[in-house]
Amino acid sequence: MIRLLTLAHGPGTYPYPNFGMEEYLLYHVEEEECILYLWQNEKTVVIGRNQNAWKECRREELEAAGGHLVRRLSGGGAVFHDLGNLNFTFITRKENYDVTKQTEVILRAVKKLGIHAERTGRNDITAEGRKFSGNAYYETGDFCCHHGTILLSVDKEEMARYLNVSREKLKSKSVDSVRSRVTNLCEFVPDLTVRRMGQCLEESFGEVYGLPVRPFPPERMDESEAAERTARFASWDWKYGRKIPFSDESAARFSWGEVQVLVLVEQGRVREAKIWSDALDTDFIKAAEEALGGMVWSRNAAAARFSALSCVTLLQETMRRDLQDAICNMIER
């Protein structure tokens, strides 16, 4: 029988130890176990695994105000955290990974507050048509992670100040600003606190799975390993990645997300390539980027490289076709 464990408080509100803790739990979750980790970050912009930090965040303004930039393990788009937001993470092995059931925990917790919510789009949870929770997903081997935000009283002015959301993305959501697209749950329940939200989540966790919930045993923590993971999340290379010189650039938006392709072409071959994207499927974006390496800069070569990409889902086939078209359009320009 699966065991349910909760870790209701992260190491603090400084973001890098919180992400280090999340990754530590991911690689140490035991078989037949599901962990619900609840945590908060002070002023932070969190970008997806394959996003361009320079494009998604007004970095200088954020850091001048004492904020932080973090690149997470999962795909998806950039989000803003402050202490008016509660983060949740479900961590389990693949056999027990169930996004529908995990999302039901969030929906049921919000229902306890008298708020009707629903899952919409590719990774949002909304109330009255406005987003209060963005979700993202990560799998590596047998280990699985589903995490997201719950906006209680986030400063939407600061959110708009530091997130550099493209006009195309806002247009696709039929809104004119990031502020109008999101809502805080305190707009529905004015006296809502982080503590109460956390209690509702823990209660719903047990109810959805029909099992008792126990605290995560502190003796299972290896502080030195967690510190090593924290250091990687705080490193420049992880947050920003290596900037490449480029001779060609293209950007497009598809049903599965936005993409920016940068290539350095020398003597008719791709010497370096980078694909930035908020796609949820991070591994496929990485495979597409690798497919460009050393490629002859021609339509036939692009068709051959991308046709050879392994696609195990209909979504990956759509991504493969869209990326191939985008590359071919770059070549023809």
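In which strand is the place of His81? His81 lies in strand 5 (residues 79-81), strands being DSSP runs of E with at least two residues and helices runs of H or I with at least four, numbered from the N terminus. The model is predicted, and local features need pLDDT of at least 70, side-chain atom pairs count only at pLDDT 80 or more, and totals for chains, interfaces and linings use all residues. Residues are numbered from 1 along each chain as its sequence is written, and side-chain values use heavy atoms, with hydrogens and water left out.

His81 has a relative accessible area of 3% and is therefore buried (under 20%, with exposed over 50% and partly exposed in between; 1.4 Å probe, protein chains only). Beyond its neighbours within four places in sequence, His81 is in contact with Asn41, Glu42, Lys43, Thr44, Val46, Asn87 and Thr149 (heavy atoms within 4.5 Å).

Aromatic pairs number 14 (ring centres of Phe, Tyr and Trp, the last by its six-membered ring, within 6.5 Å; planes under 30 degrees apart are stacked, over 60 edge-to-face and the rest tilted). The pair formed by Tyr37 and Trp39 is stacked, because the ring centres are 5.5 Å apart and the planes stand at 10°. Tyr37 is buried at 0% relative accessibility, and Trp39 is likewise buried at 3%. Ring pairs join Tyr37 and Trp39 with Phe19, Phe233 and Trp238 in a cluster.
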